[in-house]
Amino acid sequence: MTEKYMLFFFSLILFIGCKKEEETNPELLKLPPATQTGANTCGCLINGKAWVMNAVAPDTHVVHHIGPTYFFYLYGPDSSSLTFVLRGYSPVINTPYNIHNGYGWSSFRINGLNYGISGDSAVINFTRLDTANKIMSGSFHFAYQSPTGNQQDYPAQLLTDCRFDFRYRKF
């Protein structure tokens, strides 16, 4: 009986003492929800600021599956874009996949500059891959190095808390 009270007491302390991450970082509230319905959404924090794929205009994203390759072309505000390609990879649900292992690549374009992946810092995790309905959902985090090496004027771009939910085309 005492164990039940102790468990309840510690659970209550954890519940009261912990704030949701969204409450401490309002930028997370600007991101689309993490869904698995084929909502055609994508968003992340770039160096702590919200970046959301522009879903208002047509053709703001292209996601294709051709043979063993997945292509993601995502367009955001201010002519920014995010591209990543997974080659020869059969996604396994809830298994992190490092795309910088020779089987993929990624780039991020913002303010007219192309940023490339920094080391082994590009990880994608599928939470849904429905081949019948052509829906893929998941999360990722990428780090991009400065395109000029000048960190002061062109700092590295760190993408965190990224989430996506797409309908894709298969060719």
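Visitor: Which backbone nitrogen does the side chain of Asp 165 reach at 3.1 Å?

Guide: That of Ala 39. Such a polar contact is a pair of N or O atoms within 3.5 Å; within protein, one must be able to donate a hydrogen and the other to accept it, and residues adjacent in sequence count only if both atoms are side-chain atoms. The backbone nitrogen of Thr 37 also lies 2.9 Å from a polar atom of the Asp 165 side chain.

Visitor: What should I know about the model and its numbering?

Guide: This is a predicted model: local features need pLDDT of at least 70, side-chain atom pairs count only at pLDDT 80 or more, and totals for chains, interfaces and linings use all residues. Residues are numbered from 1 along each chain as its sequence is written, and side-chain values use heavy atoms, with hydrogens and water left out.

Visitor: How many helices and strands does the protein chain have?

Guide: Helices (H or I, at least four residues) and strands (E, at least two) are DSSP runs, numbered from the N terminus. Here there are 2 helices and 12 strands. Asp 165 sits in strand 11, residues 157-167.

Visitor: Is Asp 165 buried or exposed?

Guide: Buried means under 20% relative accessible area, exposed over 50%, partly exposed in between (1.4 Å probe, protein chains only). Asp 165 is buried, yet has no salt bridge. A salt bridge needs a side-chain nitrogen of Lys or Arg within 4 Å of a carboxyl oxygen of Asp or Glu. For Asp 165, the nearest side chain of opposite charge is Arg 128, 6.1 Å away. Lys and Arg count as positive and Asp and Glu as negative; His and the chain ends are not counted.

Visitor: How many salt bridges does the structure hold?

Guide: It holds 2. Arg 128 pairs with Asp 130 at 2.5 Å, N to O. Arg 128 counts as partly exposed because its relative accessibility is 23%. Asp 130, at 15%, counts as buried. Lys 30 pairs with Glu 27 at 2.8 Å, N to O. Glu 27 is at 14%, so it counts as buried.

Visitor: Which residues touch the most other members of the largest nonpolar core?

Guide: A nonpolar core is a set of buried Ala, Val, Leu, Ile, Met, Phe, Trp, Tyr and Cys residues joined through side-chain atoms within 4.5 Å. Of 32 residues in the largest one, Leu 82, Phe 140 and Phe 142 touch the most other members. Elements giving two or more residues to this core include strand 5 (81-87), strand 10 (135-145) and strand 11. Leaving out residues up to four places away in sequence, Phe 140 has contacts (heavy atoms within 4.5 Å) with residues including Leu 82, Phe 84 and Phe 164.
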